[in-house]
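Subject: Model for your review

Hello,

Please find the model below. My notes on what was found in it follow.

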Amino acid sequence: MKVRIAVLTRDCFHSSVVCPNKVSRIPGGPQYCPSQSVECPSIVSRSVWGAREPNGTTVMTTPVEYVIVHHTATGNCSSTDSCSRILRDIQKYHMDERNGRFSDIGYSFLVGGDGKVYEGRGWNKQGAHTKNYNDKGIGIAFIGNFQSELLKCTKESNAAQELITCGAEMGMVKWDYKLLGHQQTKATECPGKALFDIIKTSPRWVLNP
Ligand SMILES: [Zn+2]
């Protein structure tokens, strides 16, 4: 019998919402503040980062069961300007250049090295990020390459967790969602070793999707 022991020594992928009495809806689930309104990170909208209009959209049924984490395998960024430039490049690559063009930037959301969340396709429009999971999960991509870069528990992972908790509170993500790294669904380095190591510390991470 295999036993997986979760050793949670760091505050990665755990809610960083500040309130005195956090509760969870399920054991080990995301925590939220029962007495406060929904705590959502501010999301940099498509118009702010200069997104093009999608060529089409498919509405996805919510709440979704999966949250799949990616890295963009690009350079990193530390300001709204530099992150926005990378997002526009990724959108152009996804829509115009890659084999099998996408109708829009593939990811649901992206997180920059500035600790901000950027709107991709959003909560309820089907993405193009994880084969076989696009109609039942959101894809969150961290901007950068975390196979080659180190990533500690940081503002980026906290921002991602706040986003997920916000999505659960809004009914977009199931409270007992399953957290995955892209490499659990296909042969890829994504989301990179450093980021995958962080994801695996989350109580919502599952070994077998
Ligand atoms: Zn990926």
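Two strands are taken to pair if DSSP finds at least two bridges between them. Helices (H or I, at least four residues) and strands (E, at least two) are DSSP runs, numbered from the N terminus.

This is a predicted model: local features need pLDDT of at least 70, side-chain atom pairs count only at pLDDT 80 or more, and totals for chains, interfaces and linings use all residues. Residues are numbered from 1 along each chain as its sequence is written.

Overall content

The chain has 4 helices and 8 strands, and along the sequence they follow the pattern β-β-β-α-β-α-β-β-β-α-β-α. Of the 209 residues in the chain, 44% are buried; buried here stands for 20 or more other C-beta atoms within 10 Å of the residue's own, with C-beta atoms placed from the backbone. Among contacts with a separation of 6 or more, 73% come from residues 24 or more positions apart. A contact requires C-beta atoms, placed from the backbone, to lie within 7 Å.

The sheet

An open sheet is formed by 6 strands in the order S3-S6-S5-S7-S4-S8, with mixed pairing. Its edge strands, S3 (43-44) and S8 (173-181), each pair on one side only.

S4 pairs with S8 in the parallel sense over 5 bridges, and Tyr-66 stands opposite Lys-178 in S8. S4 also pairs with S7 in the parallel sense, over 6 bridges; there Val-69 stands opposite Ile-140 in S7. Because 7 of the 8 residues of S4 are buried, S4 is largely enclosed by the rest of the structure.

S5 (residues 109-111) and S6 (residues 117-119) run antiparallel and are joined by 3 bridges. Phe-109 has Glu-119 in S6 as its bridge partner.

Helix H3

H3 (residues 155-169) lies across S4 (64-71), S5, S6, S7 (137-142) and S8, and runs at about 145° to S8. For that angle, axes are lines fitted to C-alpha atoms, for helices over the stretch in contact, and angles run from 0 to 180 degrees between N-to-C directions.

The 15 residues of H3 reach 21 Å from first C-alpha to last, close to the 21 Å expected at 1.5 Å a residue; the expected span is 1.5 Å times one less than the number of residues. H3 is largely enclosed by the rest of the structure, because 12 of its 15 residues are buried. Among them are Leu-163, Ile-164 and Cys-166. Gly-171 follows H3 and has a positive phi, near 85°.

Regards

Note on methods: Contact = placed C-beta atoms within 7 Å.
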